[in-house]
Amino acid sequence: MQSTSGPAQERYGLLDALRGFAIFGIFGVNMVASSLAFTTSDSEKWIHFGVADQAFDIFLNAVVEGKFYSIFSLLFGIGFGLQLQLHAGRGLDGLPVFKRRLWGMLLIGLLHLLLLWIGDIVFLYAWLGFILIAFRNSSDRMIFRTAIFCLLLPVLLFPLRFIDTNLTLGIPFYLSSLFVGKSMGVDVMTISPLVMMNKTDPAGYFQANLIAFFYRQADLFDQVRPFKVFAMLLLGMWVSRHKWYATPQLFLQWFAPYIRWVFPLALAVNFGMSFISWDHYYGGDGLGWLKTLLYFLGVVPLSLCYVYFFVKAFTVRSSYFLEAFNYVGRMALSNYIFQSLLYVAFFRGPFMAFGGQVGPLICMLPVILIFPLQVWASKWWLERFRFGPLEWAWRSMTYRSWQPMRHSLG
């Protein structure tokens with residue numbers, strides 16, 4: 001995640017608001033994913049809404065899933081370019097600072113994975129950030145070609161599954177998870193995710209997280225997710241290079257001629273994709289390849305449509321609703337990790353253990369109730385302190401000294 005801890009005069013309210021908007025969408029998707037609702041039938045759940053749950057799951061996959069992490073990835077790429085520009089404006093080389101930020105991210109992401117939740121994205125952003133550095137001086141043409149190739153790669157690789165469903169980029173990590181599980185007396189191939197996540201003793205909790213760390217990496221590469229994310233990082237770097245973050249009207253002017261047909265088409269493609277189960281993808285059949293193709297055609301265009309609508313609303317007039325996202329975005333890392341604490345509290349075995357017991361619709365209740373509290377808490381905190389608590393720790397690691405936390409009195 002891109003830090004939001006720069007001085008006030010170097011901040012861009014639109015980027016913070018977009019970041020908060022992305023955090024909201026990610027919250028909804030992750031709450032459902034962490035509930036493990038897919039592991040049990042309706043008859044096994046305490047609370048479910050039958051057909052309504054199924055319809056909502058399709059809606060979530062079509063309208064939300066994949067779009068908000070894409071926006072967040074775009075913002076990370078913008079932040080990378082912006083940081084280099086800010087340091088260059090002072091006659092400094094921003095690259096060493098960015099590298100230290102990445103090492104801090106890598107540590108935070110690793111701890112997040114091992115201590116809290118396997119769905120972490122921070123660790124992925126961190127190591128991809130090191131690769132992004134290599135493209136900082138690439139031409140616009142090279143950036144776009146690489147981004148398109150990365151987005152298209154899942155479609156190009158999928159036919160290998162027709163030969164053997166095990167022919168995926170995730171194989172090394174799947175084997176690692178099998179090895180780690182075997183060393184702990186756990187058969188990863190037969191144990192259900194729900195049983196793993198419902199272990200109530202501390203040793204079982206951390207054992208599950210360690211095995212899940214490798215399984216998470218395996219699943220990410222199985223879906224070719226790192227390449228999808230990297231494509232958005234590259235596009236974000238291009239946006240920062242052309243300073244669209246400072247003059248959003250340039251983006252609006254560029255995308256305006258396309259929005260009327262891109263939005264409905266992208267929406268239709270995403271709904272088509274959402275009706276195809278991920279079972280077809282992992283099963284390596286024709287529908288799985290179609291789902292991959294529709295993902296390529298639909299997710300990024302719809303994400304850009306969301307950015308367009310948000311930017312247009314933000315630039316037309318200010319409102320408390322949009323400012324609410326700004327507060328959350330300025331403390332994106334702290335809010336993101338706090339949401340993971342909720343997933344653990346609600347769904348893991350040592351705590352409430354609601355995993356597999358509720359349907360996706362009921363999962364939206366804590367999102368709707370808690371996100372406004374995050375807005376209020378973020379606003380309250382930022383009125384008193386310069387950074388969020390985790391942003392402060394991250395910034396202190398980056399600059400290798402304790403950063404002043406409270407606002408200066410001058």
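**Cysteines in a helical chain**

A: Start with how the chain holds together. In this predicted model, residues 24 or more positions apart account for 80% of the contacts in the protein chain with a separation of 6 or more. The secondary structure is 18 helices and zero strands.

Next, the overall dimensions. The C-alpha trace of the protein chain spans about 60 × 45 × 40 Å along its principal axes. The radius of gyration is 21 Å. A compact globule of 410 residues would have a value near 22 Å, so the protein chain agrees with that expectation.

Now burial. Of the 410 residues in the protein chain, 55% are buried. C150 has 4% relative accessibility, so C150 counts as buried. The cut-off for that class is under 20%. C305 has 0% relative accessibility and therefore counts as buried too.

What is the count of disulfides? The count comes to zero. The test asks for a pair of cysteine sulfur atoms within 2.5 Å.

Then the surface. The protein chain exposes about 18,500 Å². Carbon and sulfur atoms supply 70% of that area.

The protein chain carries 31 positive and 20 negative side chains. The centres of the two sets lie 13 Å apart.

Back to the cysteines. C150 is buried at 4%, and C305 is buried at 0%. The disulfide count for the model is zero.

Notes: Residues numbered from 1 in each chain as written. Heavy atoms only, no water. Helix = DSSP H or I, 4+ residues; strand = E, 2+ residues; numbered from the N terminus. Rg over C-alpha atoms; globule rule 2.2 N^0.38 Å. Buried < 20%, exposed > 50% of the residue type's maximum accessible area, 1.4 Å probe, protein only. Contact = heavy atoms within 4.5 Å. Areas by Shrake-Rupley, 256 points an atom, 1.4 Å probe, with all protein chains shown as cover. Lys, Arg positive; Asp, Glu negative; His and termini not counted. Charge placed at Lys NZ, Arg CZ, Asp CG, Glu CD.
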